[in-house]
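Open your viewer and get ready to click along. We will go from one stop to the next, selecting a few residues at a time.

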Amino acid sequence: QLMWLLYWVSLPALLFRKTVSVGGDVLLNGNLFIAIHLSYLFMPPLAWLLALAAGEDRRRAAVSTLVSIRSNNVYMGLPVIALALGPEGVEALSLYLAMGLFSYNLLSLAWAQVALSGGLSRRHLLDTARSVAFNPLFLACLAGVGASLLGFGELPRWLDAFLEILGDLATALALLALGASIRLGNPLETLCSAWRDTAFRLLVHPAVMAALFFLFPVEPVVAA
C-alpha cells in the first residue's frame, strides 16, 4: 500500500511540480541528453562482455547487463539527493528523469534481452515501450514539461500547495517502503554474489558519467 501511494500519487505529484519549474530547460540541456544516452548505449555491452569474461551463464549475464544502468533512481535516489543536495538536487533529478526515464527503461530491458537471447524481439520492444509510456512517473514528467513549454511556468497557488503537500510525502514514504521490503540475510554471502555488479554500478558507471560530463558540460548541481 505504501508502494502504491508512492508510485501513483506522491511521486507523480512531486515530479510534475518540479518538471513544471524546469521543463523549459529540457530543450536547453542537449549536453545532458547526449551524456546520459551515451552511457545507456555504452555501459550495458561493456557489462555484458565483463560478465561473459567472468564465465557467467546467459541468465546471470543478462542481470549484469540490466543493472549496469538500472538502479533505484527514485525510491532510493530521491531521499539521498534531497538530503545531500536539497531542493536544487531534487529539481536536477526531475530534469534527469524527464529527459531519460523513457530511454532508461526501454534500453536497459532491450540490452538485457540481447544478453539473454542473443537478439532483440520487436514485439518485446514494443510491449516494453507501451508499458513505459503508461508509467505514471514518466507521464508526470511529460505533463510537467508540456505544461512548462505551454507557458504554465507557475501553477495556481492552491494547486502548487496541494502538489507540494503530496510531493513532500515522497521522501518519507520511499524510505519506509524500502525499509519494509529489505530482506535481512547473510550480507557477506550477498556481497560475494553481487560484488561485480555493485562495483560496476557504483564505481565504473559514475566514473564514465564524470568523463562524459567533462566532454559535455552541464550545470554542476546536475552533474553532482
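## Stop 1: the second largest pocket

By class, the lining of the second largest pocket has nine nonpolar, seven polar and one charged residues. Here Ala, Val, Leu, Ile, Met, Phe, Trp, Tyr, Cys and Pro count as nonpolar, Asp, Glu, Lys and Arg as charged, and the others, Gly among them, as polar. This is a predicted model, where local features need pLDDT of at least 70 and side-chain atom pairs count only at pLDDT 80 or more, while totals for chains, interfaces and linings use all residues. Residues are numbered from 1 along each chain as its sequence is written, and side-chain values use heavy atoms, with hydrogens and water left out.

Select Arg70, Val74, Tyr104, Asn105 and Leu137: of the 17 lining residues, these lie nearest the centre of the second largest pocket. The elements giving two or more residues to this lining are α4 and α5, and α4 brings the largest share, five residues. The space in this pocket is about 310 Å³. Helices are DSSP runs (H or I, at least four residues), numbered from the N terminus.

What makes a pocket or a cavity? On a 1 Å grid over the protein atoms alone, a cavity is a set of points where a 1.4 Å probe fits but cannot get out, and a pocket is an open set with protein on both sides within 12 Å along at least five of seven lines; lining residues have an atom within 4 Å of a point. Grid points are joined across faces, edges and corners, and a volume is the space filled by probe spheres set on the points.

## Stop 2: the largest pocket

Next, select Ser71, Asn72, Asn73, Arg201 and Leu202, which lie nearest the centre of the largest pocket among its 35 lining residues. About 1200 Å³ of space lies here. Which element supplies the largest share of the lining of the largest pocket? Colour α8, which gives nine residues. By class, this lining has 22 nonpolar, eleven polar and two charged residues.

## Stop 3: the cavity

Now pick Ala47, Leu50, Ala51, Ser64, Arg196, Asp197 and Phe200, which line the largest cavity. Both α2 and α8 (187-215) give two or more residues to that lining. The volume of the largest cavity is about 50 Å³, and its lining has four nonpolar, one polar and two charged residues.

## Stop 4: aromatic pairs

Show tyrosine 40 and tyrosine 104, a tilted pair at 6.2 Å centre to centre with 50 degrees between the planes. Tyrosine 40 sits in helix α2 (residues 30-53) and tyrosine 104 in helix α4 (residues 77-117), 64 residues apart. Both tyrosine 40 and tyrosine 104 are buried.

Then show phenylalanine 102 and phenylalanine 138: their ring centres are 5.3 Å apart and their planes lie at 45 degrees, so this pair is tilted. Phenylalanine 102 belongs to helix α4 and phenylalanine 138 to helix α6 (residues 136-149), 36 residues apart. Buried means under 20% relative accessible area, exposed over 50%, and partly exposed in between (1.4 Å probe, protein chains only). Phenylalanine 138 is buried because its relative accessibility is 14%, whereas phenylalanine 102, at 27%, is partly exposed.

Conventions: Rings of Phe, Tyr and Trp (its six-membered ring) pair if their centres lie within 6.5 Å; planes under 30 degrees apart count as stacked, over 60 as edge-to-face and the rest as tilted.
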